[in-house]
Structure formats: C-alpha cells, structure tokens
Amino acid sequence: MSAAQIRDGDAFGGGAAAGGRVLTPGVDVSHKTILYLEDISVSFDGFKALNQLSLDIDNGELRCIIGPNGAGKTTMMDVITGKTRPDSGTVFFGQTIDLAKLTEAEIAHAGIGRKFQKPTVFEQHSVFENLELAMKTDKRVRFSLTARLDSAQRDRIAETLSLIHLAGAADRPAGLLSHGQKQWLEIGMLLMQEPRVLLLDEPVAGMTDEETERTGELCKTLAGKHSVIVVEHDMDFVAGIARKVTVLHEGSVLAEGSMDEVQNDARVIEVYLGR
Amino acid sequence: MLSIQNLNQYYGGSHTLRDVNFDIPQGACTTLLGRNGVGKTTLLKCLMGLVPAKSGALMFEGRDITRLTPYQRAGLGLAYVPQGREIFPRLTVEENLRMGLATRPRGASIPSQIFDMFPVLRDMLGRRGGDLSGGQQQQLAIGRALAMQPKLLILDEPTEGIQPSIIKDIERVIRTLAQQGEMAILLVEQYYDFARSLADHYVVMSRGEVIKSGPGEEMERENVKACLAL
Amino acid sequence: MGPLAQTVTRLYGRRGWSVLAACAVILFALFPLANLAMPKGSLFYISDYTVALTGKIMCYAIVALAMDLIWGYTGILSLGHGLFFALGGYMMGMHLMRMIGREGQYQSELPDFMVFLNWKAYPWYWSFTEHFWYSALLVVLVPGLLAFVFGFFAFRSRIKGVYFSIITQALTFAFMLLFFRNDTGFGGNNGFTDFKRILGYHVATSQTRMALFMLTGAVLILTLLFARTIVASKFGRVLTAIRDAESRVMFSGYNPVHYKLAIWTASAVICGIAGALYVPQVGIINPSEMSPANSIEIAIWVAVGGRGSLVGAILGAGIVNFAKSWFTVAFPEYWLFFLGLLFILVTLYLPQGVVGAFDEIRRRIEERKLGQAVRGSAA
Amino acid sequence: MPTRTISAALGLALLLAWAGFAWALPADLVLAVAAGKSDEQVAAVGRLVVSGDAGVEAYFKALLDGTVQVAGGKRVLLVKDEQAADAATGEKVAPLPEGLEDAVVNNRLRGALESAMGALKLISPDRAERLAAVKTLEDGAGEEMLPLIAKALAAEADPQIKKSLALVQASVQLKSADAAMRMAAVKALAASDNPNTKTLLLGLLEKKGDNFSEPDAAIRAEAQDSLKAVQSRLSVGERISQVFTGISLGSILLLAALGLAITYGLMGVINMAHGELIMVGAYSAYVVQNLFRTQLPGLFDWYLLAAVPAAFFASALVGMLLERAVIRFLYGRPLETLLATWGISLILMQSVRSFFGAQNVRVENPVWMSGGVEILANVVLPWNRVVIIGFALAVLLLMWFLLTRTRLGLFVRAVTQNRSMASCVGVPTARVDTLAFGLGSGIAGLAGCALSQIGNVGPDLGQTYIVDSFMVVVLGGVGQLAGTVYAALGLGMANKFLEAWSGAVLAKIAILAFIIVFIQKRPQGMFAVKGRMADS
C-alpha cells in the first residue's frame, strides 16, 4: 500500500489529511528493515538540529537512542512523524513509503505511532474511551456516527487495559490519572492503532521507580510484535532494557552497538565526560 | 551565601527533588553534577522561583526567599543563566545586555568588563540575539547575567553543544569571577573534566537526591566520574 | 432489547426521559389549554404575550444548542451564528412577503419596498419562493452551504481559536452591511415585516401563534435529541477529543477537518431552522439580527448555562432572555450593565456555567453525606 | 461673510461722500438706472461700471439698500435720514425737494447691480478683494460686464488673477452673438481647470430640439477639444483627491489599530473593548472642549492641546483598571478574554449612554482646523483630515520611540518574547503587563480624540471601528508594527478606490471578503515572524 493509495482515502485532497479508512498493514519489510533515515539535515535559523543523520531500524527490534541535550533526538522523531520536514535527506517507511510525502495523520495511519514527551491524552474522556478512540478502525465521519463496539473490539480494549495496568481505572476520566498512568495510557492508545513502529519519547520521565520498572517490562514485551524506538535520559532504565543503543551527538550518530560497546566507546566517553 | 534546606519538589507522579540540602559559599564555585534527568535543572528552577518548592526553605544571606517571585529574587542578586541560553531572540545583543540592568537604577550602563571578558559581544552589539551562533548566545546569556552584578551566579550547563574554543573562554571567565570573590557561583554540569577544573566544592545528584558532596580536590578520590558515566 | 431501545437508553436514563415528557406535556397541553381555552383574567390564563415570548426564547434555545455543539463540545467559538440564524429567517421571510400578495400599502404584486424602489419584477433569487416547501428547503440549504464553503477553507488552512472567531465576526459583519443595502433585494434596513398569512392561515390569530409555538417546541425537543445522539456517538467523542487535544486526534489517524466541517455545517443548519421559526412569530426580520453583538450574545447564553452541557445551553438561553425581557421593561437602562457583568462574571467565576455550579454543589453535598456516613459507621 | 465687509467698505465710501467729496457721473446714465426701462437700466449699469468711478459704488449700494429717490423723474438723490445728496455729483441737496419717489429695483436690475458691485472690486487695489471679485464672476457674469473685465484684464498684473479673469471673459464671450468671439472664447477656455467650465462647454454641445445650442460646427469641434483638455486636467484633480482620501482613511484605520497592535499584537490579549477605549478618548475630547467653551472661551482654539493628553490618560486609566480587574486573570485563555472584554465594552457603552445621553454629541474643530487648502480648482484638502494624517504619523513615531528607545518598551518586548526569563532578570512582569496595556489603551484614546474631529461622537463609536482594527492587525501580521502600518494604508487606499466604482458598502464588503480569503492563505498575516519563534 503506497503513499498514493493512502491519499485516496482523503475526501478533499490538498492539505487535508487522510480520510481515515483502515489500511491493510502493507509495509514492505522484505529487507527486514522498517525505517530508513538517510543523510537527514534539519536546521532552525542557523542552528543545525540534525546534521546528515543516517539510521536504520530493523523490523521488530527495540532500539534505545541516547545522547546529551540538544543532540537532536526529539527533532529526529519530529522528522519521522512528519511534524518537521527535513531540509535534505530521505525518510522511508519499509521499502516503498516515502514519509516526507505524507501528512502527520497519514503517517500515523501508515503505522507509525508516537508518544510525546509531555503525555497527551483526552482528559475529558474515560480511559476506556481514550483507547476506543485510538483503536484501529474506519475513522471517517460517517462511520463514526453509527460506530458500535463489537465484542472482539471490546476484548482488544480489555487486553490493552491489562497490558498497561489500567484495567481497574477503565471508567475514570483520563484527566484524573497520575502522570505515569497517563504515559501508559498514551502508550496503550498507540498500541490500539496496531502500529508497526512505536516512537517513545522519554517514556519514564516523571515516573516513580516502580512505574519505571513496569514500563521497562512493557517495552520488552512490545518489541518483536512492533519495532520500538525509545529516547530516554534515564541511563539505568536504558541499561535495563537496551539491546541495541544508538548515541546521537550534535545531530548525527556518534556510536551504535550494545550497551557495553557504547559505554566503552572512546568518543562517547569524550562526549559524556570529556572537554 | 545561599543555603538549601530539605527542598522537595514533585512533577507528575515522581519525586523530582528529595530533601535536597547544601550550601553555596561566597567567593567559590560550587559545581552540581549528575546525569540528564536527575533533577538538576528542576533544582535551579526552584532556586529562581520558576517552579514553587513543595516543602523546605531557601535562605539567601540569612533571609528566607522561598516564597519570593523570580524578579524579587533577581532584585536580591540571584542571576540565572538557563539551559539553552534563553536569550531574547528578537532583541539586539545590546538590548539583551540592557535587560540585565533591569534591577539596577535607571541610567545604569553595561559594565565594561563584560566586553573585556567576551569581546565578540562588542562587535555584535547591533545584531539580533536570535541570529547569533550557539556559542555567542551562551556568552551573551552569561554577559546578561553579569550585567545584573549578582551576588549569586547560577549557570545551567553552559558548555552544552558549544565548540571547545568558546568553552575555554567560558571556563576562564568563571574562574576569574570565582577568584574575585565578590560572588558565589553555582555551576551545573554533566561533563566531568570541565566541572572538575572549576569546582571548589562539588555536589552530585541522582534521581533527585544528593548522593555525594565535598571539596573539589576530593572528586577523583570519591570517584565522581562513575556517577556520570553510562 | 432492540436497537431502538438501545439508542433510547443510551440517550437518557429513565429520569431524563420523564423530565422530557413533562416538558412536552407543558408545551403541548398546558400552554394551548391555558392560552386558548381559559377565559382572559382567569388565574390559569396564559397571555398571548407570554406565549409569544416563550416561543421566541425556544427559538433562541435551539440556536444555543447549535452553538453548544460547535463551541462547548468542539471548542470552536463561532461569532457568526447570528448570521446563519438571520439567513434562515430571511429565507422564510421571503416566502411570507410573497404571501402578503396585494394587501401591501401599494396594493402591488411586489412587496412594498420593491415598489418603493420602483422595481418592476422580482430579482431572480426570489423566484419560486412563493412555494412554501421550496422556501423551507432554502432555509436549510442557504445557511448550510455558506457554512460549508466558509468552513471548508477555514478549517483546511488550519485557522484555529481566536483567529477563527474574529474571521467569523468579520463574515457576519460583511453580510450585515450587504443586507443593509436596498438593492440587495431584502428590504434594506427595514428588512421584512407586516406579514399577513402563512400556509393560508392569518399569522396574527392566537390559533396560528399557538400552532407556531407548539411547532417550535417540537423542533426544540427534536434538536435536543439530535444533539444528544451526536454527543453520545463516537463522532461526538471525537469532537470533544479535538477540543482537548487536536494533535493527538490527528496522530490517532482521524482527520479533524472533516469532523469540524461536519459539525460546523450541521450547527449552521440548525440555526437556520431556528431563524425560520423565529420570523413568523416575531413578525419581523432585519439586518440588525446579523450584527456582531447578537452573535456574541449567543455565546454568552451557552456560557451561562454551561458549555458542553445540552441542557445547560437551553437553560442559559432561557435565563438570559427572560432576564432581558424583564429588564428591558422594568429598567431598560440597566440591561446592558447586567449583560456586561454577566459576560465578565461568568467567564471569571462560572467557567462551567450554572449546570457546572449545580454539579459542584451536588458533589459537595454527597461528600458531606459520605463523610457523615463514615463517621456514623465509625461511631 | 464677504457681503458684510463689502457693505462696510461702502459705508466708508458714503461717509467720504457726505464729507462733500464730489464726483461726476453721466447724469443721463444715473437717471437711466434709477428710472429707465428694464433693458436700459441693465445696459446703463454696465456702462456706469466701466467708468469705474468711486461714486458708482456708492450709488449702486444705495440702490440696493433702497435709499435712492427720484425727484420729479429727473434728478436722482441719495436720501439718508432726511439728508440728500445728488447721485450724479455727490454734492449735498438741501432742503429736500418735493415729489420724491423711490427708485424701483426689480430682480433683474438687482442681479445686474450685484454682479456689477462684484465687478467693481476687479479694479480695487487690494489683491485679495480682486481675487474674490473674480471668483464671484466665475459663477456667472452678464455680457454688460465685458468692457469692465477687459479694462481690468489690461490693468491686472497678478498672473493668477489674470488667468482666471481671462477665463471669466471667455465664459461670458461664449454667449456673445459674434461667432469669431465665441471661437476665441472656446479656445481660451481650454486652459481652464474649473469644473463649471466643463458644464459650460457641454452646454454648447447639447442639442436644443433638433439643432445644437451652438450653431457653428467648427466652434463645436473646437469646444470638443477644449472639453477634452479641461476634463483631463480635472481628472488629475480627482485622482489626487482620491489618493488623499485613501491616505486619510488609512491614517484613521492606523490610529484605531495602533493601540490594538500593542494589546493584541504584542500581548496577545483579544480586547473587544478596544473600540470603547477609542470612544472614551473621543468623549474626553468632548468634555475638554466643553470646559474650554465655558471656562476659558478665549483659548477655545487651543483646547486640543489639552484634549489630546486628556484623551490619552483617560483611556489609559480605564485600560489599566480593566487589566488589573479582569484581563490579567484570563491570560492564556483567549476565548474567555474575548467574552469578558466584550462584556466590558457593553458596560462602557451603557455608562457613556447614561452619562452623556444616547444621542451623538458634536465636537467642534478649532478654527484653524476648519476649512481646507485648495491645491487645484476641484481639489480641496480639509484641514482636519490633513492634521489627522500628521497626527497619526506623530503617534506612530511616539509609539515606535516608546517601544524601541525606552526602558519600558524594552521590558514590554522582552516580556512578550520570553516571560519567565524576563522575570528572571528582574522585570516585574505583572506591572509591565499593566503598563503595556495602559499604553495600548491610551493610544486608542488618542485615536478617539482624532476621530472626534472628523465625525460625530456617540456611544457606539467604538463598535464601528472594532472589526476594522482587528482586520488591520490580523492582516498586517500579529506583533508586526510595520505590517500594521502597511495594512492600514493598504486597506484605506483599496477601500477608497473600490468605492469609486462600486460604492462605499460594496467596497467594504469586498475588502472584508478579501481579508477572509487572505487569512486562509497566510494565517500569520503579511509580515509573519519567521524561524523558530513563529508559533510562540
């Protein structure tokens, strides 16, 4: 399913985003890589946020991305999710989908889910409704008017609820959840969209130790079924879950490998301790 | 100069500052170290009053400033060089520096030693702050703070994303300021070498708590490095 | 239970439905009896004035519902709803003018104002308006189309918040100027008035008035149920989601533009219908209905009642307008002071409006009860 | 009141006359005027005028005043309170002869006399008087004036007067029976820049029945050419006045919008009461005017000097009160701000109504602002408009100075760019907000003071400007002073030029429509702030 086909769901064309009808998961991962970033550069009035960044994510892998402040981690996510357009370079989703051509909504539809640093959930809606709204289904107006949940869908919501440890709070307004719970709910909402790729921006920021613990578990369970990209400052957390770690610095990849590899990498030490 | 007493702060569900206690003496450079996300910046924001402290007290020259607004604290002589510089992008360099005179009497002029410390600022007086390079912006931010002629200078990661040459200048400036002895300096860093070379005293934070502190010479012996490495 | 029963229960609980039924009884039984059957002066007599006033306010209540859908639930403050209301009114007005026939002062086929401008024939857009159902169609189409076209461009270019409000205000302002002109063909600043008959019945008789009154009541109840259906549907939940976190809605794969456009147009159509009911009851429609002031007043009805609560919208429209009609009789010079204060106080102290306040009070009481219960059990 | 000055001058002449000053008018003509048949009378007036003798003026004045009497149908006397003088010679006549009867002055004669009186001024030594005289003649002079005009023309030195005099001559000659003369006249008229000439020439070309009012085809052709010349000259004037009115409207829009450029553009407060702050300014101008009229009428011409600051501070005060009492609780909640400030506007309007009454009040221009400067025959720039354009510029400069050159201005800009950092360097942000809002409101007050000079002042004065001002700021780009200026002037111009062919209302609608479409395309306005700070 290519960008062109995604567009035809779009009743108005132009700037309007995808009409929101279901996409059969059609990402071509024949080369077992699901996300290609090549020579991406982005600069805001002079300041180079990304500098020739190149990065591949394998299908189903769990990748941690670390780096000092201003290394360009968030900007990278913005580029992948279409929030920021790269000045140069290419972003491909699978073999065929050029993300630079899609709008945010279209990208979300193509199967890339993103959790923001600051958790954004629908505060007025119950946890259940939050998940229901996020659930992968036909999302065009006329269907939303008559939409009813069938038992299968209810089961899926229940499933996710327990996965994110909110089964007990299903009917509470999301606004009343604790910070950590909101983070989870947001992850849960991403899962309801059955994304191929999950971008988690500082998932444990502001979580209690216990919540952090559980989040780590969650990330591990998600990997495999989805490709998970975690951007995090908390090194203990990263060390706990990381299989492959990428270190960004000044807008490009400084080192890549297992946790120990990067820990012993001279350049990384230089960046983190040196000067 | 400033003493922090049992400071506590929460963000969301998490306890970002846990009973933080330490003093910042005059005429010395106190460096606060720790990895990203351990609460260093939150602590500084509490000191400036940008985020309210949940409990605990801040005593500045023996006076309780815990409930004062940021500009009242600035008036008492706290100057803040925030992470990411936060210079005023659409003001010229000169105007940015003049903002540092807000607490001083009318007609006060920009102290000339600022230009001696950062000559580049003199050449750029007319440029818009937003058009400066990262390094220049950092120097401007420090200059702005110095224009306030503060008693306590607070710097949050002044070396972040800056080319080494400028880092050397900044290091020199901070050292001279500390040695002049009129002001106390609180320097937040995550880069060991830089911190080590300036620290008269050091404080290490992890997960919102102070886990180590002492005179700068002891940093090796206490193996502070280990607390910062991955 | 059957799908209908399901829908029914989803809309309102037993209590809700019975309240609704009670209102229906008052509107369709009590009012007609007390107004037509009771002798004047009797204790139970309801004057024509009261009927007219209530009818008028029910029209406003319908508008308030429309406003609540777009503002309270979707978070888009429109300052142009007065325009859609007026357009609906004008469309109906055209038909009523046609129905005057030769009974105008100039005894001409054409409405007096056209004779006055010595026009020889109806302009093209008046054609067919002599047919009631065609006019009724216009009542829905004209506001709907305008809203659709305007909304399409506005939402597509991501115009949000206050920008949108200001632009809608400019829109209605422009239309007001347009309708003030004589050669626009809508009677200039006098608008339409002196209506004689509707569907062959004379508009002035209390029977016709009562019929219109009951019709309005019915439409009000239907609108309420319609709005309730929307709000209770997934569509409605998406709207609220757009209000609270539009970016997240987008990242969840919805296209906010379509949803906004749909509710915006629907809301405009409802306003049009309300306007069409309003005109024959009040007996006049003129461009001042399009003045920005009127549109903003609609917003305050909803704010007073409580945004995001349909009942609240109706309450708000009722409270403000009854207050208005009382003030303007008792001491007119103070009405604007009151209205102005209302704007300020509500925004400052009653963000959730009357309904919100009631809920708050109820919660407090329950808590106290709970506390007492706990203490009781402790003792 | 020119007639008054004239009669004063005449009175002087009469006094001289009584002093026994003598002159010699041809007695037959004097008699013909006083007692002849209608035609003779007019003709005689013409010939008397040509003599240009001082006595003529006195005589005609007396005729118009009805103090001329004829003794026994021979001798003409000027009779004033039981004293008489011979109209022809001016010497005293006593005792009053018997059988005096009033000289009858019918309308035709009266007309002839009046234009003659005007014409006499043509040879007055005072330039201004001669100019005035020419002007009166431009509005139509009889053929009997021709000789006098010729005489004056010969004597006239001043080029301007000579020019218009020549035109007058031509326009009179058009009526002459002699074709050659008419031809010359038509040629001469080509040089005119007076709208009347246009009608005059058109008059020649229009048909009376089936034959033209100008029989000679050659002359008609010539007239065509002259007409073209005149019209092109006039159209230049029309262009100029159009541009001027455009600029004038632009300056008014600018004044109305400048305050909003601060409160909305910089501070982001949706102030629906902005229009009412303008109104407050206008009413304070009205109050000051009344104070001057009653307290120091001598200085009335200078009341604006007091009104301008009064307007500024009145509105500024109101504005700061609002900011303290309401708006500051709503920062960051634009829609609520919109509603609350609307409420404020209602209250302000109603308070003014109950205090000054619902009907409009009139604020008079000081003398030096009334009237206008004529730059072409058909272009007169009213002083009050000119002054307001200047005033708008002054306010613009003042605001620019305050924002860029003063401590407060620096703080305001800093706070709007980065509130928390500003407070970290010691700026009392809350107070700066109040002052900034006060400044914006005060400038709105200045706008009101200006508006009071060009139109009526009423409680809903503000309502008419609120939409416009918002449109200007939005169109110019929020937070962009330059943008605001361009937008204001642009809208003013566009409005006036559209008006020319579509009429005022449609023009306004077209403009609004344009803006609505424009905002769709460029939601940040003409001068969007670029780069990272764009969305802040």
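Guide: The contact between chain C and chain D takes 37 residues from chain C and 33 residues from chain D, two residues being in contact if their C-beta atoms, placed from the backbone, lie within 7 Å. This is a predicted model, in which local features need pLDDT of at least 70 and side-chain atom pairs count only at pLDDT 80 or more, while totals for chains, interfaces and linings use all residues. Residues are numbered from 1 along each chain as its sequence is written, and chains are lettered from A and ligands numbered from 1 in the order in which they are written.

On the side of chain C that touches chain D, the elements giving two or more residues are α6 (132–156), α7 (161–180), α11 (292–305) and α13 (335–349) of chain C. Helices here are DSSP runs (H or I, at least four residues), as strands are (E, at least two), numbered from the N terminus. Of these elements, α7(C) provides the largest share of that side, with 14 residues. By class, the side of chain C that touches chain D comprises 28 nonpolar, six polar and three charged residues; Ala, Val, Leu, Ile, Met, Phe, Trp, Tyr, Cys and Pro count as nonpolar, Asp, Glu, Lys and Arg as charged, and the others, Gly among them, as polar.

Chain C also meets chain A: 22 residues of chain C are in contact with 30 residues of chain A. Two or more residues of the side of chain C that touches chain A come from each of α9 (234–251) and α10 (256–282) of chain C. The greatest contribution to that side is made by α9(C), with 12 residues. In composition, the side of chain C that touches chain A has 10 nonpolar, seven polar and five charged residues.

A further contact lies within the chain. Chain C is divided into domain 1 (1–46) and domain 2 (48–378), with bounds that come from an automatic or database domain assignment. The C-alpha centres of domain 1 and domain 2 of chain C are 23 Å apart, and their contact takes 11 residues from domain 1 and 13 residues from domain 2. On the side of domain 1 of chain C that touches domain 2 of chain C, α1 (3–11) and α2 (14–37) of chain C each supply at least two residues. There α2(C) accounts for the largest share, eight residues. That side of domain 1 of chain C divides into nine nonpolar, one polar and one charged residues.
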